Amino acid sequence: MINKISFFGTSHLGLVYSSVMANYAKKIVCYDSDKKNIDCLKKLKFSVKEPKLRETIKKNKKNFFFTNNYHEAENSDLVFVSKDVNTNDKNESDLAEIKNIFFKINKVIKNKETPIIFLSQLPPGFCTNLQKKTKREIYYQVETLVFGNAINRALYPERIIVGSKNKKITNKKYLSLLKNFSCPILNMTYETAEITKIAINIFLISTAMTSNFMSLISEKILFNWDNVIEALKLDKRIGKYAYLKPSLGLAGGNLERDLVSIEKLCKKNNIETDLIEGWKKISNIRKLWVYKILKKILTKNKKIKKISILGIAYKENTNSIKNSNSIYIIKKFKNHKFLFYDKHIKNIDTKNANSQILDKNILKSQVILIMNMTDLFRNFLKKNLYFIKNKLIIDPYNITKKLKLRKNNTIYNLGKIYEK
């Protein structure tokens, strides 16, 4: 059992990993410069939404110490930099705050045997440059969390990837912590670990965009993409966990960030980026899918003024609206009124959209957009089938597939022929 582990950063990344590491430490210090956020955390009120997060932290609540005083991290055995890295409108990382945190830690932690471990997503060369500025050990631990399933992935990782100066974890306390997890520990250089994180996301992008490309074809010619998916799942080279369902393009910021990072690397080294440009083009086409259908509907029927949206976040089980398709739609149709429901989002900064409780009233709009795959929406629709008639339903992910909706509804799904 380690005496004290400190986390600098209490966004999604920091809270998830600290909640899991609390099983192996007598004390967990979580630092954030925002006092209001710290006051909320002390009451176990979280601004980030993640299933099982509150319960996991509550289980070891006596071990947690939330603070906005970074000196509380003194005498730590291990220090994690766990702040989510913000991205701008071009999906480029802003690393200034991560650097500030590093220099702050390096100053306040007097014991030079205490390593600094980065969980934050970093570009190639970042850790090497910082290691030159200190004699303290630096590690880069690649995180592969998924919103909505982050706790399970942190508790039971498939593998742990660590970048270090000498391709070896020499700090005994850090190594003992990692050995609590029954999985391979992969040691590599900083640059290799940083690229590994990017490579994981690039492979996910390639699969997702291939699925979107094939579903685009299925909307023009007569074949059933859902049946193709079932065949692909049974192929061991692809598998049931691959990103086979078509989507509304890339969203959330993390995948887009790495697409930008790899594109910059390619241009710097005179490597063609045609493949990357192709993925971006497919993503942009899919981002416009709902917009084009809705525009066609509203152009044909100018009397429609009210539209309902189920789901505002970019995906289910999160409160992130980074590159959210729902937000894009609301802003594009400023002359229309939107009623929306999202379990994790009550207010958004737009004048033409209002939050609505999840009851039959949200089904009164002639047009209904179902914008993520949560079971909450599927069960709600199933219980209210009587009120769903003569509707225009834009259901990209086909969550209504197994519902016995009335035949007089018009339903649009990704991968289906919807234009005559």
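The following conversation asks how the descriptions of this predicted model are reached.

User: What should I keep in mind about the numbering and the kind of model this is?

Analyst: Residues are numbered from 1 along each chain as its sequence is written, and side-chain values use heavy atoms, with hydrogens and water left out. The model is predicted, so local features need pLDDT of at least 70 and side-chain atom pairs count only at pLDDT 80 or more, whereas totals for chains, interfaces and linings use all residues.

User: How do you know how many helices and strands the protein has?

Analyst: Helices (H or I, at least four residues) and strands (E, at least two) are DSSP runs, numbered from the N terminus. Under that rule the protein comes to 14 helices and 14 strands.

User: What makes the protein as compact as a globular protein of its length?

Analyst: The radius of gyration is taken over C-alpha atoms, and the globule rule is 2.2 Å times the number of residues to the power 0.38. For 420 residues the rule gives 22 Å, and the protein has a radius of gyration of 23 Å, which is close to that value, so the protein is as compact as a globular protein of that length. Along its principal axes, the C-alpha trace spans about 70 × 50 × 40 Å.

User: Why is Arg286 called buried, and where does it sit?

Analyst: Buried means under 20% relative accessible area, exposed means over 50%, and partly exposed lies in between (1.4 Å probe, protein chains only). Arg286 has 1% relative accessibility, so it counts as buried, and its place is in helix α11, residues 274–287. For the protein as a whole, buried residues make up 52% of the 420 residues.

User: Which residues are in contact with Arg286, leaving aside its neighbours within four places in sequence?

Analyst: Contact means heavy atoms within 4.5 Å. With those neighbours set aside, Arg286 is in contact with residues including Asn212, Ser215, Glu219, Ser247 and Leu414. The C-alpha atoms of Arg286 and Pro246 are separated by 8.7 Å, and the two residues are 40 residues apart along the chain.

User: Why is Pro246 called buried, and what is it in contact with?

Analyst: Pro246 has a relative accessible area of 5%, and therefore it is buried. Its place is in the loop between α9 (225–233) and α10 (254–268), and, leaving aside neighbours within four places in sequence, it is in contact with Asn212, Ser215, Trp225, Ile229, Tyr397 and Leu414.

User: What makes Asn91 and Asn398 worth a look, and are they buried or exposed?

Analyst: Asn91 has a phi near 65°, a positive value in a residue other than glycine, and Asn398 has a positive phi of about 55° although it is not a glycine. Asn91 is in the loop between β4 (78–81) and α4 (96–108), while Asn398 is found in the loop between β13 and β14 (410–412). Asn91 is at 15% relative accessibility, so it counts as buried, and Asn398 at 15% likewise counts as buried.

User: Why is Asn384 called buried, and which residues does it contact?

Analyst: Asn384 has a relative accessible area of 13%, so it is buried. It lies in the loop between α14 and β13, and, apart from neighbours within four places in sequence, it is in contact with Lys360 and Leu363.

User: What makes a set of residues a nonpolar core, and which residues touch the most other members of the largest one?

Analyst: A nonpolar core is a set of buried Ala, Val, Leu, Ile, Met, Phe, Trp, Tyr and Cys residues joined through side-chain atoms within 4.5 Å. The largest such core has 45 residues, of which Leu294, Leu369, Leu381 and Ile394 touch the most other members. Elements giving two or more residues to this core include α12 (289–300), β9 (306–310) and α14 (375–383), and the largest share, 7 residues, comes from α12. Apart from this core lies another, of 39 residues, among them Leu15, Val16, Ile28 and Leu119.
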